[in-house]
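My notes follow the structure.

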Amino acid sequence: MSESKILVDVKNLKKHFSKGKDIWGRDTDVLKAVDGVSFQIRKGETFGLVGESGSGKSTVGRCLLRLYDYTDGEVSFDGQQIGGLGEKKLKPFRRRIQSIFQDPYSSLNPGLNVLELISEPMKIHGTHQGEDRKEIIAALLEKVGLKREHLYRFPHEFSGGQRQRISIARALSVRPEFVVCDEPISALDVSVQAQVVNMLEDLQAEFGLTYLFIAHDLSMVRHISDRIGVMYAGRLVEVAESDELYENPQHPYTQALLSSILEPDPKKAGQRLSQNGYTAKRGGEGNSELREVSPGHFVADF
Amino acid sequence: MNRSKWKNVGSELLGNGMGVAALILLLLFTLASVFAFLSGHDPNELNVMERLTPPGAGHWFGTDDFGRDYFARALYGGRVSLLVGFTAMIIATGIGVTVGVISGYFGGWLDNLLMRMLDVILSIPTFLILLLLSVFLKPSVGNIIVIIALLMWMHIARVIRAETMTLKEREFVLYAKASGQSAFGIILKHIMPGLIPVIIVGATNNIASAIMMESSLSFLGFGVQPPNATWGSMLNNAQGYIAQAPYLAVFPGLLILLTVLSFNILGDILRVGFEPKLIKR
Amino acid sequence: MTERLLSVEDLKVSFSTRDGENQAVRGVSFHIDAGETVGIVGESGSGKSVTAKAIMSLITPPGKITSRNVNFRGENLLNLSEKQWRKLRGNQIAMVFQDPMTSLNPVKKIGQQLTEVIRRHRGLNKEAALTEAANMLRQVGISQPEQRLQQYPHEFSGGMRQRVMIAMALSCQPELLIADEPTTALDATIQAQILDLFKELKGNSHTAVALITHDLGVVAQVCTRVIVMYGGLIMEEGTVEDIFYRPQHPYTKGLLRSIPKNGGKSKERLVPIEGSPPDLLDPPPGCPFMDRCPHAFARCAERPPVFELSAGHRSMCWLADGEVSVGVEGGTFA
C-alpha cells in the first residue's frame, strides 16, 4: 500500500472565514476553520478524517472539491495544482473528483427523477449520449442495488439508504478516481449504514477508487479507513494507520476521543467514558508541523 | 418542485371553501371586465336627466353625478384595475426575482451593491415617490403600471434573496457546483424550481397591493384621468355625494375589498399548500 | 425493590397525513419500575420517540392516542386534565429533549430559569431556591455554579446546556425522567461526559430513567433493561445481558451484527440488514420485520404473540414459539 503513488497532496491548507467586517470591507473577526493542514492520500486507499463539529473536517473536504477558494496553502491532485485554477481549467478535475454528501434528503434535487439526477454530471462532462447514457445509468443502478424501474421515480419515493445509493451512482457515473465522502452514513439508520459501507468498499475494489471519508463515528471510520487523520480546532493533531492510531494514540485529544467510543457491550459499562477534556485554543501560534513518532505515525505538539 | 406537490396545492385550494369562493369571484370579475361591452351602456355617456338615479332595473348600480351608468363604469373600471394589478405584478415579480437571485446566489460586492440600492429605494416613502412621479409623468395606464411595478419589486427581491441563500447551501447545489455545473445552469436547474412557491405567493400578494396602490392613486386624482373610470377614481368622485348617494362609494369600495381579499386568501392558501405534510383535523 | 412506577397497556398513536393514517405506534405494552434505567432503542420511524411523547401527553393534533391505560402510580395518565398534568409534569415526571439549544429560554439567565422551576414545584423562597439551584448545577458537574447561574444560555456550550437541562429536570426530584435522545446532538467527547453523568445518577438517586436512543452503544453503557422497537411495535424486551448476549429476535440480532465489532478493529465485512423499514401508512398485518428477516416463514404473515423466554425476557417472534410460551393472543406485553 505504502508504495503506491500519491494522488492527493495537501500542504499547509488554510481556510479562514470572515465573521465581521468594518465599513471598508476589511475583516475585523476571522474564523480560522482550517488552519494549516497537511496530509497525503495515496491512490487506492481510504483516508479517514475524524473530528467533532467545528473541527474543520468538512471544510477540508470542501476545499478539495474547490467549493471554497482557500486562504492559503496548496492542494494538488495527481501532481497538478488545483488551487488557483479557474472554472474552465478545473473542469477535467471536476469529473475526476466526485462527492457524496451527508444528508440523503438534501443531496438530491426533489424535482428531478433518478435518470435526470444521475445524468447531470454526465451531461456536464459530455460522457455518453441519449440511449447509451440511459443504458449506462440503468446498469449503474443495478450495481448500487436499485432497479431499472427506478429510473423515472423521484427522490421522495425512496428511503434514506436508497437515496444515498442514488448519490453514489451519480458520483460514479463519470468514472471518477477520487471521491470525497462527507459524512455519507451519519444520517442513516444503524442497520442501513452497514449496507452503504459495504457498497462503498465493493465499489472501491471494483473501480480502484480513492476515498476521503469524513465522519464522526469513530468505529465506522476505523472499519473503513486505511489511514486516519484526527482534526481538532482547524488543525490535524494526529495521522496514522488506523489500527496504529486506535491502539497507540499519542495526542491527548485523540486519546479523549477514543475513550468516548461506546462499545455495544454491557460488560464494558463500568469504565468512565470521559477524560478530562483537552482544550487547546483555536488558532494558537503553535507550529502546525507534525512530528513523526514512528514510521507513518505523525503527532502534533501538545 | 416535485410534481406531487402540485397535486397537494390543487387539493388544498379546492378543499378550502374560502379558496373556491375567491377563485370563482376573481374569475367572475375578470370575465365581467373583459366582456364589459356587453353591459349595454357606454360608461362615459353623459345623461344629466338621470343623474344620481339610485340602483334599479334600468341602471343596476344606479348612475353617478353626470348620469353615467355606474354598472358599466364599474366594469370598465375593473378592467383598468385588474390590468394594472396583473401587469404591474408581472413586471415587479420579474425584477424582484432577477435581483433577488443574482444577489443571493453570487453574494459579495454585487449583493452589497444591489441590497444597498434596494434599501435606498425602500427608505423613501412610497407615496411621496408616487405623487412626485405622477406630477412629472403624463398620467396614463402604462405609466401607472411602470411606477407601481418600480415601487413593488423590493419586497419580493428580499424574500427571493433569502430563499436563494438557503437553497444554494443545499447539498444538491453543492454537488452540482463540485461537478462543474455553470452558475447559470445551477440557477436554472436547481434554484429556480425551489423558488416557485415563494414566487407564486409573492405574486398573488403583489397583485393585491398593486390594485390597492392604483386605487389610492386614482382616489387622489393622480391615476387614470377622467372621463375614464377606475375603481379608485369612482371612489374619489363618490366623496362629494356620500350623504345623498352612498351607493356610489359602496360599489367600488366593495369591489376593491373583494378583489384584494380574494388575492390575499389565495396567497395564504398557496403558502400553506406548498409547505406542510400534515392536514388539519 | 420492584415497585411498579409506570405501566403502559396497548398504546397506539397515529397521525393523520395527506396520504393517510400514519400508525406510528401500533400497540405497545411495557412497564418501568421505580429507580431503574430502561433503554428504548429503535431506528427512525420505530415509534420510540412518539411513545415517550404519548406518555408525557405531548401528542397534539393531527396526532391521536388510543390506549387502554397508561398507569403512573395508580393513576391513568390518559384521563388527566391539563391542570393536573401541569402539576405532574416536571414534578413527578420530567423530560429532557434532544436539542438543548431550543429547550432553554435565550433571554433569561440560567439562574432565573432554574429557580423558577424549583420555586413552582417545591415552594421554596428565592434565597433557598438559588442555593438549591447552585447545588443542582454542582451535582451535574458544572463548576463555579454561583457564577454560572448569572449567565445566559448562549454563554454555555452544547454539553453544558444539556447538563443544565438535566439539572432542571432533576431539580424537583422526579420519580421518572424521560430522556429523548439526550446525547444525539452532541459531540463524542461531550456525549461521553453526559453518559457518565447518567451513570452517576443511576447510583445515587431514586429517579427512574427512560432513555430513548437509536444507539446501542448508549444503551449498553447506562441501561439495566432494554426495549427494542421496530415498525411501531416492541420486538424484544429484556435485561441488557439478555439483549446483548442472548438476543432472540432476528431484528435485534441483525442490529447487533450491523455495527463494527471491537470498535472497528475487525476488518471483516459488516452484516447489514437488507431492505428498508415498513411503511407505517400501510403496515404489514404480520411481523413488521418479515420482509427483511432471513428466517421469515409463512406464519410470519400473522402477527406473532409475545413469547416469554425467561423471566422478563420477551420476544415477539414465531421462532420463540415452543419455548416456555406464555403468549397472549393479540400480542401484548404484560
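These entries take the two interfaces in turn.

**Ground rules.** I am working with a predicted model, where local features need pLDDT of at least 70, side-chain atom pairs count only at pLDDT 80 or more, and totals for chains, interfaces and linings use all residues. Residues are numbered from 1 along each chain as its sequence is written, chains are lettered from A and ligands numbered from 1 in the order in which they are written, and side-chain values use heavy atoms, with hydrogens and water left out.

**Chain C against chain A.** I looked up the contact first, meaning heavy atoms within 4.5 Å. Chain C puts in 41 residues and chain A puts in 37 residues. Next I wanted an area, because the size of an interface is often given as the accessible area lost when the parts come together. Here buried area is the accessible area (1.4 Å probe) that two parts lose on being put together, summed over both. Chains C and A bury about 3400 Å², with 52% of it on carbon and sulfur atoms.

Which side chains meet in a salt bridge? For this I count a side-chain nitrogen of Lys or Arg within 4 Å of a carboxyl oxygen of Asp or Glu. I found one salt bridge between chain C and chain A. Asp202(A) pairs with Arg269(C), at 2.8 Å from N to O.

I then noted which elements of chain C give two or more residues to the side that touches chain A: helix H8 (188-204), helix H9 (216-222) and helix H10 (240-245). Helices are DSSP runs (H or I, at least four residues), numbered from the N terminus. H8(C) gives the most to that side, with nine residues. By class, the side of chain C that touches chain A has 15 nonpolar, 14 polar and 12 charged residues. Nonpolar means Ala, Val, Leu, Ile, Met, Phe, Trp, Tyr, Cys and Pro; charged means Asp, Glu, Lys and Arg; the others, Gly among them, are polar.

**Chain B against chain A.** I repeated the look-up here. Chain B has 17 residues in contact with 28 residues of chain A. The two chains bury about 2100 Å² between them, 52% of it on carbon and sulfur atoms. Glu171(B), Tyr175(B) and Ala178(B) supply 34% of the area that chain B buries against chain A, more than any other three residues.

On the side of chain B that touches chain A, helix H1 (3-14), helix H7 (171-178) and helix H8 (183-219) of chain B each give two or more residues. H7(B) gives the most, with seven residues. I sorted that side of chain B into six nonpolar, six polar and five charged residues.
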